[in-house]
Amino acid sequence: MENFEQRHSGERAILVSVSVQQLDDLDAEEFRLLAQSAGAEILEHITVPRNRPDPKFFIGSGKVDEIAEQVQYLEAELVIFDHSLSPAQERNLERILKCRVIDRTGLILDIFALRARTHEGKLQVELAQLKHLSTRLIRGFTGNLEQQKGGIGLRGPGESQLETDRRLIRVRITQLKDKLVKVQQTRLQGRAARQKAAIPTISLVGYTNAGKSTLFNILAKSDVYAADQLFATLDPTLRRLEWDGVGTVVLADTVGFVRNLQHDLVESFKATLEETLEATLLLHVIDASSPNMSEQIEAVETVLKEIGADAPVLHVYNKIDISGDAAKIIYKTAELPERVYVSAHSGQGLELLSEAVQQCLMGQLQHFDLTLKPAYGKLRNQLYTLNVIESERYEENGDLHLTVCIAPHKLEQIIKQAHLPLDEILGNKASIFQRPLEEFEIQHSSL
């Protein structure tokens, strides 16, 4: 079954923003960017002040008549509201305006449909579209919905077209949910394999257009589509990479968030956001140059709370090449970083980001002097893979002396996994490792 009510790009549209005291005012520029991302040709942007939403039209009847005149004068094909409208309000507005009317949710769904590339993404978009459409069928997308039709195999005798469409939608929603469950099971298998191998997952989250995909491409040396537009990336992307000082990690790029994201949309995209739920560490990428930075941070934190994400968060303030901030790390405690300031575009502060991630995943870094016998070459290779070796020299007896910068529990973990003696390699510093390895592993997994 094809997606219902596919929008056509390039439609001539009038935008309507409603300032309601009981509702948060929305950013007008973001609304325009959303409309442009959907391919709308913006004819006019009208702002309507209201003390409270009107139950019939959301806005006053007088303002509806004014917009209707503008629709006729400008030959607009579409009116987009920057708030969620009830099905009745959409129907009432369409009757007066004599053109199609969509709300913020419908607009975001249209952008999602344009951006979805993978099989999973397309399934999630269609599911969200059908859920949104199921309450709006009375508008009629197949002609006269109340026409009585008989049918063979599809509908009962005398069943109206409206009832048939509702039933077909319910069937399709069930099919999509079943398919997404299978996708989820496949994802769970991959996640279980990573957890068994003790591979941490670092998930990038953030407001749309904060620079997540640009940062992801730099860190993962990847080519995920990145552009200065809202929802440039919809589908989740995972890459396995070697992170300096940490070792093998899985880096996940996720869909960007926006303010006033409807609960149904969050529910539909939970499969995509599961990488966020199961992440070892969240990198909350923030546009440090945005005048609405505080509101955007709050919007992301609201969605993370709604989906139940409780992993530790490192705030990555991006675009300091525009904001003018200096590259730096700000610590919550003496050992735990809270914020790091970078520019994915210019590369400023990326080495600080690497340091902060190491500390979040592994604890405070320390310098150690190690002595390795010639037979311990495998341990040396592991340390080189982690990129933690600062210097090395060979002793006269053939032993290798290394200076490394690494978290204590990570060093102990790899030495014990290699079944090598701590005291022989670390000398006097071996005494700091008093706790059993299991305690370090528990601490690591709880971070």
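## Close-up views of a predicted model

Helix 2 passes helix 3 in a right-handed crossing.

**View 1. Helix 2 against helix 3.** This is a predicted model. Helix 2 spans residues 61-74, and helix 3 spans residues 87-97. Their axes come within 9 Å and cross at roughly 50°. Helix 2 and helix 3 are therefore oblique to each other. On the helix 2 side, the contact uses Val64, Asp65, Ile67, Ala68 and Val71. Helix 3 supplies Leu93, Ile96 and Leu97.

View 2. Leu85 sits in the loop between strand 3 (78-81) and helix 3. Is Leu85 buried or exposed? Its relative accessible area is 5%, and the cut-off for buried is under 20%, so Leu85 counts as buried. Leaving aside residues up to four places away in sequence, Leu85 touches Phe58, Glu90, Leu93, Val101, Asp103 and Arg136. One of these, Leu93, also belongs to the helix 3 side of the contact in View 1. Leu85 and Ile102 are 17 residues apart along the chain, and their C-alpha atoms are separated by 8.0 Å.

**View 3. Helix 4 against helix 5.** Helix 5 covers residues 119-134. The axes of helix 4 and helix 5 come within 10 Å and cross at roughly 155°. The cut-off for roughly antiparallel is over 145 degrees, so helix 4 and helix 5 are roughly antiparallel to each other. The crossing of helix 4 past helix 5 is left-handed. Helix 4 brings Thr105, Gly106, Leu109, Phe112 and Ala113 to the contact. Helix 5 meets them with Val125, Ala128, Gln129 and His132.

**View 4. The Glu30 and Arg104 salt bridge.** The side chains of Glu30 and Arg104 form a salt bridge, 3.0 Å from N to O. What does this pair tie together? Glu30 belongs to helix 1 (residues 28-37) and Arg104 to helix 4 (residues 104-115), so the bridge joins parts that are 74 residues apart in sequence. Glu30 and Arg104 are both buried. Salt bridges with shared partners join Glu30, Asp82 and Arg104 into one network.

**View 5. Two further salt bridges.** Nine salt bridges are found in the whole structure. In one, the side chains of Asp287 and Lys319 meet at 3.5 Å, N to O. This pair links distant parts of the chain, 32 residues apart. Asp287 is in strand 10 (residues 281-287). Lys319 is in the loop between strand 11 (313-318) and helix 11 (320-323). Asp287 and Lys319 are both buried. Another salt bridge pairs Arg393 with Glu395, their closest N and O atoms being 3.5 Å apart. Arg393 is partly exposed, at 47% relative accessible area. Glu395 is also partly exposed, with 32% relative accessibility.

**View 6. The largest nonpolar core.** This core has 50 residues. Which residues have the most contacts inside it? They are Leu314, Leu353 and Leu383. Helix 12 (residues 350-362) gives the core its largest share, eight residues. Leu353 touches Leu215, Leu219, Trp243, Leu314, Val316, Val340 and Val342, with residues up to four places away in sequence not counted. In soluble globular proteins, nonpolar side chains tend to be buried together.

View 7. Helix 7 covers residues 212-220. Seven of its nine residues are buried, so helix 7 is largely enclosed by the rest of the structure. The buried residues are Lys212, Ser213, Leu215, Phe216, Asn217, Leu219 and Ala220. Leu215 and Leu219 are also touched by Leu353. Which elements do the buried residues of helix 7 pack against? They are strand 7 (201-206), strand 8 (237-243), strand 9 (247-253), strand 10, strand 11 and helix 12. Lys221 follows helix 7 and has a positive phi, near 50°.

**View 8. The chain as context.** The chain has 447 residues, and 51% of them count as buried. There are 16 helices and 16 strands. Among contacts in the chain with a separation of 6 or more, 67% come from residues 24 or more positions apart.

Technical notes:
Residues numbered from 1 in each chain as written. Predicted model: local features only at pLDDT ≥ 70, side-chain atom pairs only at ≥ 80, totals over all residues. Heavy atoms only, no water. Core = buried A, V, L, I, M, F, W, Y, C linked by side-chain atoms within 4.5 Å. Buried < 20%, exposed > 50% of the residue type's maximum accessible area, 1.4 Å probe, protein only. Helix = DSSP H or I, 4+ residues; strand = E, 2+ residues; numbered from the N terminus. Contact = heavy atoms within 4.5 Å. Salt bridge = Lys/Arg side-chain N within 4 Å of Asp/Glu carboxyl O. Axes fitted to C-alpha atoms, helices over the stretch in contact; angles between N-to-C directions. Parallel < 35°, antiparallel > 145°, perpendicular 65-115°, else oblique. Left-handed = near helix turned anticlockwise from the far one by under 90°.
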